[in-house]
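Hi,

Here is the structure for your files. My notes follow below it.

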Amino acid sequence: MTEAFNPKSQAYFFAVDPCDQTQVLNGPNPAARAANCAAAGVPAGFNALSNQRSFLGYSFGNPFLRNEKSDSFTAGVTLTPTFIPGLTVTADYVRVVLKNAISQFSASQVAAACYDASNYPANQFCGLVTRDAAHQLSNIGTTYFNSAKLRYKGILADVKYRFA
């Protein structure tokens, strides 16, 4: 309910600005990021303050979310050997695959998704990023989305020995 219908509410964020001089040549396509930052009017050698001070942002729900679906498998064994009194050994195997997992981008991820996109400024993230007259990040919106899959696989084990 919260992820789908959360009303727009204010929050304060810290964010790594992808147009900062230390970040502009990073990302999946540094040339695209640099070109997009320049297209936004951010000057070369820009020093962002967003990682040193918080700024206003907002968070809101997404009524277009799909339900999460999971598939899980677990198996376990507990051994209490009679030839070693007080010993208990347990092992569990766990596998979970969560489809349409509901996730939320951080303010840094929203900004990076905007400036790293090949369709800047027309992508869905750029409408959530605002800069002030000094080119500093001044407002970022975050919301929930469905990611493709989250997977977890592991073995949990425990050994206990009780002295009589």
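Which residues gather in a patch of positive charge on the surface? They are Lys69, Lys99, Lys149, Arg151 and Lys153. Please keep in mind that this is a predicted model.

**Positive patch**

Strand E6, residues 137-161, supplies the largest share of the patch, with three residues. Lys69 sits in strand E3, which covers residues 69-79. The relative accessible area of Lys69 is 55%. Exposed means over 50%, so Lys69 counts as exposed.

**Aromatic rings**

Now the ring pairs. A pair of aromatic rings is described by two values, the distance of the centres and the angle of the planes. Rings pair if their centres lie within 6.5 Å. The count by this rule is six aromatic pairs.

Take Phe105 and Phe145. Their ring centres are 4.4 Å apart, and their planes are at 25°. Planes under 30 degrees apart count as stacked, so this pair is stacked. The pair also links distant parts of the chain, 40 residues apart. Phe105 is in the loop between strand E4 (87-104) and helix H3 (107-115). Phe145 is in strand E6, the strand that gives the positive patch its largest share.

Buried would need a value under 20%.

One more item: Phe105 and Phe145 belong to one aromatic cluster with Phe125.

Best wishes

Key. Residues numbered from 1 in each chain as written. Predicted model: local features only at pLDDT ≥ 70, side-chain atom pairs only at ≥ 80, totals over all residues. Heavy atoms only, no water. Patch = residues over 30% accessible without salt bridge, like charges linked within 9 Å, V, L, I, M, F, W, Y side chains within 5 Å. Areas by Shrake-Rupley, 256 points an atom, 1.4 Å probe, with all protein chains shown as cover. Salt bridge = Lys/Arg side-chain N within 4 Å of Asp/Glu carboxyl O. Lys, Arg positive; Asp, Glu negative; His and termini not counted. Charge placed at Lys NZ, Arg CZ, Asp CG, Glu CD. Helix = DSSP H or I, 4+ residues; strand = E, 2+ residues; numbered from the N terminus. Buried < 20%, exposed > 50% of the residue type's maximum accessible area, 1.4 Å probe, protein only. Phe/Tyr/Trp six-rings, centres within 6.5 Å; stacked < 30°, edge-to-face > 60°.
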